[in-house]
Amino acid sequence: MNKKSKVVRYNKWGYIFLLPFIAVFLVFQLIPLVTTIYNSFFLHMEDGLTVVGPTFIGLKNYSTIISNGDLPKYFTNTMIMWFMGFVPQILLSLLLGAWFTDPSLKLKFQRFFKTVIYLPNLIMASAFAMLFFTLFSDMGPINDILKNLGVIKESYQFMSHVWSVRGLVATMNCLMWFGNTTILLMAGMLGIDPALFEAAQVDGATATQIFYKITLPLLKPILIYVMITSLIGGLQMFDVPQILTNKTGDPMRTSMTLIMYLNKNLSVGSRNYGFAGALSVFMFILTGILSLIVFKATGKEDKDGR
Amino acid sequence: MTTNTTDMAGKTKDGASVFVRRFVAYLVLVLVTIVCLFWFYLLFVNSTRSHSEMSAGFTPFPSSHLIENWKNLIHGTIPVVSGMINSLFIATASAALATYFSTMTAYAIHAYDFKLKNLLYTFILMIMMIPTQVTVLGFIALINDMNIDDTAIALIVPTIASPAVFFYMKQYMDSTLPLSLIEAARIDGSGEFKTFNRIVLPLMKPAIAVQAIFSFVASWNNYFVPALVLHSQEKKTLPILMQQLRSADFLKFDMGQVYMMIAFSIFPVIIVYLILSRYIVGGVTLGGVKG
């Protein structure tokens, strides 16, 4: 009896240690979430110096941002730029990961290469975007170099063409994330039982066959994890296109992402709390569903793995 | 291109082919290294050149205007020095709070048994992926009501609840922190809070180091929320000033200053990274996916 009460006495410390985290979460994340959802049902905006609302309008904000094309358009932009960056990123990561973990290759300088490929991940995205903007500007060094090499005669206006702007955003995202993905995939590859590779080699399988028939299928849970978390990160794409296009998402708003649109609706002068709220709820539901998939995928991996 | 090289590499299988595959692998790795570092090289070269030199065209060699550009930058219109100090302060404080309190939270779940434990654990895992952008509208309204709009506090205090840091710490504790040790401390008469500070925290040092670096970098690079919170020029952090630089009428600017400011934001992180890279690269996998 005495022993039990002692354990209970200790266990109350569990609540005490949890308190700061839970309190801060409730105040700074849960209350704001509720306010955000609440705001999505109201007409509340600034029009110049006058403030309109707040007036309850039900689901009108949702139907407006869908029917006026904003949400579908910016969602499509975001997904296109994510996809353009993700495909080369995952292919490169798979290739590099397979090489780094291949015992027959015995690559040297691995730490050096890993350090280099992870480097862009830590760079301030806004500074990186500013750097790309200056490098690729009409008078910038990239145009100079291309002209010196004789590839082009006139400066190519990277910022005025839809696909060059999207391409630059995708390139930056790919550069910033392929190192991280490589390291995650390598951890997965190193977790595969080496006996499987040896058996395949004894049976005369080529490196390509081993990669497609053994590595890839066993890597599936981690690939799903990488893809969905990258997709969640992609939905939040903001810093790079915001700085690169100076908040406009130009040309013709073809590189405007969902979060840039959210930011626009929260910025002084063009505030529209109703739209911002509705967009947030949309993002919340979307990331919620995607997180659930990750949760399920990694949970399954738990069961299989242990 | 990438698929071609695998096919080429895969078709052969004796000793000579390993040589070929190794050659291809090194070739691609060297190319990838160049692609990764090229931009920073251009940045370095251009931050040493004057505006007039740059207008004349690109040359791949550094010039001698590094210090001049630096002087022009810190005496220029954009308050980079205060921006650097603000960024440093907010990032350091955020990293300290995030790691300390998330370790504490992980310890609560790891070491104690209480009624709501599993519920709370699942709950924290569920909220881990919810992006801050989703709640930012309510967050701005909240800090206005609390009168902490335009202060660093509004950016620092919320980091106490960092689910991703918590998750990493929990994983680390599962593999390295035996409950018998805590039991032993109790028998020696150590209080719970003291046990956490004096025994658990030192044991968690490697994990704390990794997460402190990640939290610092995340805060240092954070642009979205600070841009909506900080309005006074002297309180702004570097990423917000970067936006200001971008918005400024570009051609009026001295390009030497522009490159210098980008270099000023990027190179300190690169230097710290190179010193600590061993821990950072190794630490990436410990938390996210199990190895």
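User: Does strand 2 (residues 50-56) of chain A lie in the open or is it enclosed, and how many of its residues are buried?

Analyst: A residue is called buried if 20 or more other C-beta atoms lie within 10 Å of its own, exposed if 12 or fewer do, and partly exposed in between, with the C-beta atoms placed from the backbone. Strands (E, at least two residues) and helices (H or I, at least four residues) are DSSP runs numbered from the N terminus. In this predicted model, the number of buried residues among the 7 of strand 2 of chain A is 0, so the strand lies largely in the open. Residues are numbered from 1 along each chain as its sequence is written, while chains are lettered from A and ligands numbered from 1 in the order in which they are written. Since this is a predicted model, local features need a pLDDT of at least 70 and side-chain atom pairs count only at pLDDT 80 or more, whereas totals for chains, interfaces and linings use all residues.

User: Which way do strand 1 and strand 2 of chain A run, and how many bridges join them?

Analyst: Two strands are said to pair if DSSP finds at least two bridges between them. Here strand 1 (residues 42-47) of chain A and strand 2 of chain A run antiparallel and are joined by 5 bridges; A:Phe42, for example, has A:Phe56 in strand 2 as its bridge partner. The hairpin that they form has 2 residues between the strands, and in it A:Gly48 takes a positive phi near 65°.

User: Where does the model have a positive phi in a residue other than glycine, and which residues does a cis peptide bond join?

Analyst: Most residues other than glycine have a negative phi, and most peptide bonds are trans. A:Phe109 has a positive phi near 55°, and its place is in the loop between helix 3 (70-101) and helix 4 (110-122) of chain A. A:Phe109 is partly exposed, because 13 other C-beta atoms lie within 10 Å. A:Arg253, which is not a glycine either, has a positive phi of about 60° and is found in the loop between helix 10 and helix 11 of chain A; A:Arg253 is partly exposed, with 15 other C-beta atoms within 10 Å. The cis peptide bond joins A:Asp250 and A:Pro251, with omega about 0°, and A:Pro251 has its place in the loop between helix 10 (239-244) and helix 11 (258-266) of chain A.

User: Which residues touch the most other members of the largest nonpolar core?

Analyst: In soluble globular proteins, nonpolar side chains tend to be buried together. A nonpolar core is a set of buried Ala, Val, Leu, Ile, Met, Phe, Trp, Tyr and Cys residues joined through C-beta atoms within 7 Å. The largest one in this model has 154 residues, of which A:Ala129, A:Phe132 and B:Ile262 touch the most other members. Helix 7 (residues 162-190) of chain A gives the most to this core, with 15 residues. Two residues are in contact if their C-beta atoms, placed from the backbone, lie within 7 Å; residues up to four places away in sequence left aside, A:Phe132 touches A:Leu168, A:Met172 and A:Leu244.

User: Is A:Trp177 buried or exposed, and which residues is it in contact with?

Analyst: A:Trp177, found in helix 7 of chain A, is buried, because 21 other C-beta atoms lie within 10 Å. Leaving aside neighbours within four places in sequence, A:Trp177 is in contact with A:Gln89, A:Asn121 and A:Ser230. A:Ser230 is 53 residues apart from A:Trp177 along the chain, and their C-alpha atoms are separated by 8.8 Å.

User: How many residues of chain A are in contact with chain B?

Analyst: In chain A, 83 residues are in contact with 79 residues of chain B. Helix 1 (residues 2-39) of chain A brings the largest share of the side of chain A that touches chain B, 20 residues. That side divides into 58 nonpolar, 22 polar and 3 charged residues, where Ala, Val, Leu, Ile, Met, Phe, Trp, Tyr, Cys and Pro count as nonpolar, Asp, Glu, Lys and Arg as charged, and the others, Gly among them, as polar.
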